[in-house]
Amino acid sequence: MRYRITFIAGLAVGYVLGTRAGRERYEQLKKSAREFAQNPAVRNAAESAAQTSREMAGKAYHAVSDKVGDHVPDSVAERVRSLRERSQGGAEDDWGTSNT
């Protein structure tokens, strides 16, 4: 019984100290990530990657639609169209939204 109580007490102390240290480390990581994301070089690189991916999506859509013809689902065609408009300064795209 004595060992069980010692084990449970040690477990409780470890949990409290671990969660406190874990929370501090989490806050450090969150602050570092925020600073990283606000860096102008990172923001430029992210925008450049997004622009390139929109262009590649348009090229891939054309390559696939040439091969399969009119069998491309309308939802895919609409999303690619919205990506193309966005890359030309149009409205926001609807990727990741549900149609329900």
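The structure is a predicted model, in which local features need pLDDT of at least 70 and side-chain atom pairs count only at pLDDT 80 or more, while totals for chains, interfaces and linings use all residues. Residues are numbered from 1 along each chain as its sequence is written, and side-chain values use heavy atoms, with hydrogens and water left out. The chain holds 3 helices and 0 strands, where helices (H or I, at least four residues) and strands (E, at least two) are DSSP runs numbered from the N terminus. Read from the N terminus, the order of elements is α-α-α.

**Burial and surface**

- Of the 100 residues in the chain, 10% are buried; buried means under 20% relative accessible area, exposed over 50%, and partly exposed in between, with a 1.4 Å probe and protein chains only.
- The chain exposes about 8400 Å², of which carbon and sulfur atoms supply 57%; accessible areas come from the Shrake-Rupley method with a 1.4 Å probe, and for residues only the protein chains shown count as cover.
- F7, I8 and L11 make up a nonpolar surface patch with about 340 Å² of accessible area together.
- Patches are made of residues with over 30% relative accessible area and no salt bridge, with like charges joined within 9 Å and nonpolar side chains (Val, Leu, Ile, Met, Phe, Trp, Tyr) within 5 Å.
- One of the patch residues, I8, is found in helix α1.

**Helix α2**

- Helix α2 covers residues 40-68, and its 29 residues should span 42 Å at 1.5 Å a residue; the expected span is 1.5 Å times one less than the number of residues.
- N39 caps the N-terminal end of α2, with a side-chain oxygen 3.0 Å from the backbone nitrogen of A41.
- Buried positions in α2 are R54, G58, Y61 and S65.

**R54 and E47**

- R54 lies in helix α2 and counts as buried because its relative accessible area is 10%.
- The side chains of R54 and E47 make a polar contact at 3.2 Å; a polar contact is a pair of N or O atoms within 3.5 Å, and within protein one must be able to donate a hydrogen and the other to accept it, with residues adjacent in sequence counting only if both atoms are side-chain atoms.
- E47 and R54 also form a salt bridge, with the closest N and O atoms 3.2 Å apart; a salt bridge is a side-chain nitrogen of Lys or Arg within 4 Å of a carboxyl oxygen of Asp or Glu.
- E47 is partly exposed, at 45% relative accessibility, whereas R54 is buried.

- The whole structure contains 3 salt bridges.
- Side chains of opposite charge can pair when their charged atoms come close.
- E27 forms a salt bridge with R23, the closest N and O atoms lying 3.1 Å apart; both residues are in helix α1 (residues 2-37), 4 residues apart, about one turn of the helix.
- E27 forms a salt bridge with K30 as well, at 3.9 Å between the closest N and O atoms; E27 and K30 are 3 residues apart in α1, about one turn of the helix.
- E27 is partly exposed at 31% relative accessibility, and K30 is partly exposed at 35%.

**Helix α3**

- L83 is found in helix α3, residues 74-87, and is buried at 8% relative accessibility.
- L83 and S53 are 30 residues apart in sequence, and their C-alpha atoms are 9.5 Å apart in space.
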